[in-house]
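This report goes through one structure, part by part. The sequence and the model come first, and the notes follow.

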Amino acid sequence: MDHGMVCVTGASGFLASWLIKRLLLSGYHVIGTVRDPGNEAKLAHLWNLQGAKERLRLVKAELTEEGSFDDAIMGCAGVFHMASPVLGQFTDPREEIVNPAVNGTLNVLRSCKKNPSLRRVVLTSSSSTVRVKDNLDPQIPLDESSWSSVELCEKLKIWYVVSKTMAEKAAWEFCNKNGINLVTVIPSFVVGPSLPPTLCSTASDILGLLQGETERFYWHGRMGYVHIDDVALCHILVYEHEKAQGRYLCSSTVVDNDELVSILSTRYPTLPVPKRFEQHKRPYYEFNTTKIKSLGLNFKSIEEMFEDCITSLVAQGHLSIP
Ligand SMILES: NC(=O)c1ccc[n+]([C@@H]2O[C@H](COP(=O)([O-])OP(=O)(O)OC[C@H]3O[C@@H](n4cnc5c(N)ncnc54)[C@H](OP(=O)(O)O)[C@@H]3O)[C@@H](O)[C@H]2O)c1
């Protein structure tokens, strides 16, 4: 079935590539934005997707260039805004991550405002915009009404969380003021197969854990996990569902590091997964995901997401299982 034309920003990324796969399979025409359309090696996995030759177009766009997304977005009924600088080492975090995320989101939304065909924008936020605050009550699962404290995140120097929280807040303000139909998806840590051959930051964190590294996961303490396919399906569901509105948490299960490595080392006894983590004082929390479940989404288990992830890491030559 022909579902019309939608734009996906940051098309070559881990999550966006999987979303494009799902959109093409559902019959959509997709315009993907990339920073470097000439980089064939980085984009080959997109051209190999079923339906890509007929219904995918890739165009150049850069978050920090005003008006850069105008052409890609004009004529599209839907925009999935996923492009955002992700975790890394920063010398000037405001310049390198916070401003591109916030101003880039507003740049994309200004292009949306110029497009008379626009029906809905789906913004990819992050569960980090919900769970970093002083007053967490372990008895009450966090839901979409919760916002991380930007002040606390700045104090803790967790610039990715600052960037995602400020970008989502700016998006809501702009869309409410300009009458744009916005829905946000709030995924926890995304796990699953990687279509891009080069691993993104989170996928390489998982590879590190499976190879025995503790440093990057140590900082997670307690974390929600979600299968990449569920996140892609969630984006399409909230785009298509007439009644979808507001924010949607998208997370299967929240576990402590120790629980996670116990599941993994039982299932993959020959991998050097750490046996346990040094205790990290992190508050207990759960996510209340009844809002997205009430639209019909069922989450895959932790076991399934890691199984699919590990199969893909092995197939791509990143990991070998002794
Ligand atoms: N992975 C997770 O666990 C997770 C969880 C929650 C939310 N998210 C969100 O999901 C989205 C995708 O993340 P991902 O994990 O798929 O990471 P990713 O593979 O690194 O994707 C990020 C994308 O953003 C693009 N981008 C970064 N800076 C840009 C700029 N200045 N102009 C244009 N494009 C730019 C990147 O383009 P290049 O390829 O050219 O660098 C890349 O395509 C992000 O919004 C992230 O915050 C991810």
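## The sheet

Seven strands make up an open sheet with parallel pairing, in the order 3-2-1-4-5-6-9. Strands (E, at least two residues) and helices (H or I, at least four) are DSSP runs, numbered from the N terminus; two strands pair if DSSP finds at least two bridges between them. Strand 3 (56–60) and strand 9 (246–250) are the edge strands, each pairing on one side only. From one strand to the next, the twist averages 20°, taken between N-to-C directions of lines fitted to C-alpha atoms, on a scale from 0 to 180 degrees.

The model is predicted: local features need pLDDT of at least 70, side-chain atom pairs count only at pLDDT 80 or more, and totals for chains, interfaces and linings use all residues. Residues are numbered from 1 along each chain as its sequence is written.

## Strands 5 and 6

Strand 5 (residues 120–124) runs parallel to strand 6 (residues 182–187), and four bridges join them. V122 has V183 of strand 6 opposite.

## Helix 8

Helix 8 (residues 159–178) has 20 residues, which at 1.5 Å a residue should span 28 Å; its end C-alpha atoms are 28 Å apart, so the two agree. The expected span is 1.5 Å times one less than the number of residues. After helix 8 comes G179, with a positive phi near 65°.

## Around the ligand

Of the 25 residues around the ligand, G10, G13, F14, L15 and C200 come nearest; a residue counts here if its C-beta atom, placed from the backbone, lies within 6 Å. Helix 1 gives the most to this shell, three residues.
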